[in-house]
Amino acid sequence: MIRRQLPVYSPLTLSGLFAGFGALVRRSDPLRRAVERLTRERYQCSGVLLTDSGTSALQLALSLATRDRGNLIAVPAYCCYDVATAAVGADARVVLYDVDPRTLGPDWDSLRAAVSRGATAVVVAHLYGIPVDLEAAGTIAADAQAVLIEDAAQGAGGTFVGQPLGAFGALAVLSFGRGKGMTAGSGGALLARDDDGARLLGGVGRLARPNSPLSGLAKLTAQWVAGRPSLYGVPASIPALGLGTTVYKEPSEPTELSGSACAVLARVWAAAEAENAVRRRNGERLARAVGAASHLSSLCVSSDAHPGYLRFPLLVPPALRPLANGRAAQRLGIIGGYPTPLSAVAALRSRCVNAEDGFEGAQALAEGLVTLPTHSLLAEAELQAIEAWVEGLSEPHVAVRV
């Protein structure tokens, strides 16, 4: 009864935990420089700032991009609620643009209309590791002289034109939180790709030191113990933990990434690379299953894009979405997507200049998106059961497939 598959998994090793605890008695600066070096090498970026969370990194990016330029930002109407948290933390005004359910990327006409209202920054997000067409987004942002901010928090393992997601925006955001492609339990990074990004990143002063990392290490230890299918049913059954739920969180002051978190990241870096490969392989397998199902329609994104498949997204008719809440689906790690567009998040709505717009694509995703696990903890029997669950959906519907 306690066995339940994780919706998403990031590798966390016992040696990584030991390294984190060992960092409590070591100087943090060398550990931080080691992670900065690994990040620069992977993303070929000119600057790296390690933060306590991906949300903090995005909050800083928005603050930098709008400083002295007007604080109107364009963000997708359907994405992680942490984007709303970052916008509130940056004290920004927001213009939403719609999301195309066929690609999970921007509705281009909607994005152009949003930017035309005077946005000085444009955020694009790679939902569930499905790459946005960054060339098209970059052209729209450049034409409007707006800063392109690439939210690659869910992009680990994905590429666009052969480069890793996170290597494109003038500023880019990574997340090392629980359930991302690489984890230290928490953490994030703000990357500067070019001279403009480096100039903006140079405007960040010294971040505050984090609080004692002991609480973070305690949570990370609990994640390591319970973050396996044989035990995950226990924490998932405790409502107070809120696992698998989407809620808005109030912003907080960004701080540095702790030395302990840096030590964990450096130790799990190679394992995370291997996990990326498994997710891509399982995602492609699920894509083939969707393509083979006679009642499903497969859709494509840019031919230059290769998804990282943090989870595999599937759009179903609203009448079928409750199936993702069934016991069989939950035991397999199948869950629903974000339950509402950002226009419905109360804390953001008062800052949004177009909250009353329809956002038909975002609403369709809120009503019909479910996601399937792709990670390495899936047994062969579970992958087959997920394929059977997809095949068993009785009504024709649309799947996002590359």
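Let's start at isoleucine 238, which sits in the loop connecting helix H9 (233-236) to helix H10 (259-292). This is a predicted model, and in it isoleucine 238 counts as partly exposed, with a relative accessibility of 38%.

Now let's turn to charge. Side chains of opposite charge can pair when their charged atoms come close. Across the whole structure, a search finds 16 salt bridges.

One of them links arginine 3 with glutamate 382, whose closest N and O atoms are 3.1 Å apart. Arginine 3 lies in the segment before helix H1 (14-22) while glutamate 382 belongs to helix H14 (residues 380-391), so this pair ties together parts that are 379 residues apart in sequence. Arginine 3 is partly exposed at 38% relative accessibility, whereas glutamate 382 is buried at 11%.

Another salt bridge joins the side chains of aspartate 82 and lysine 249, at 3.0 Å from N to O. Here aspartate 82 is in helix H4 (residues 82-89) and lysine 249 is in the loop between H9 and H10, so parts 167 residues apart in sequence are tied together. Lysine 249 is partly exposed, its relative accessible area being 45%.

Next, look for glutamate 356 and arginine 349, whose side chains form a salt bridge of 2.6 Å, N to O. Glutamate 356 is exposed at 66% relative accessibility, and arginine 349 is partly exposed at 34%.

How values were computed: Residues numbered from 1 in each chain as written. Predicted model: local features only at pLDDT ≥ 70, side-chain atom pairs only at ≥ 80, totals over all residues. Heavy atoms only, no water. Helix = DSSP H or I, 4+ residues; strand = E, 2+ residues; numbered from the N terminus. Buried < 20%, exposed > 50% of the residue type's maximum accessible area, 1.4 Å probe, protein only. Salt bridge = Lys/Arg side-chain N within 4 Å of Asp/Glu carboxyl O.
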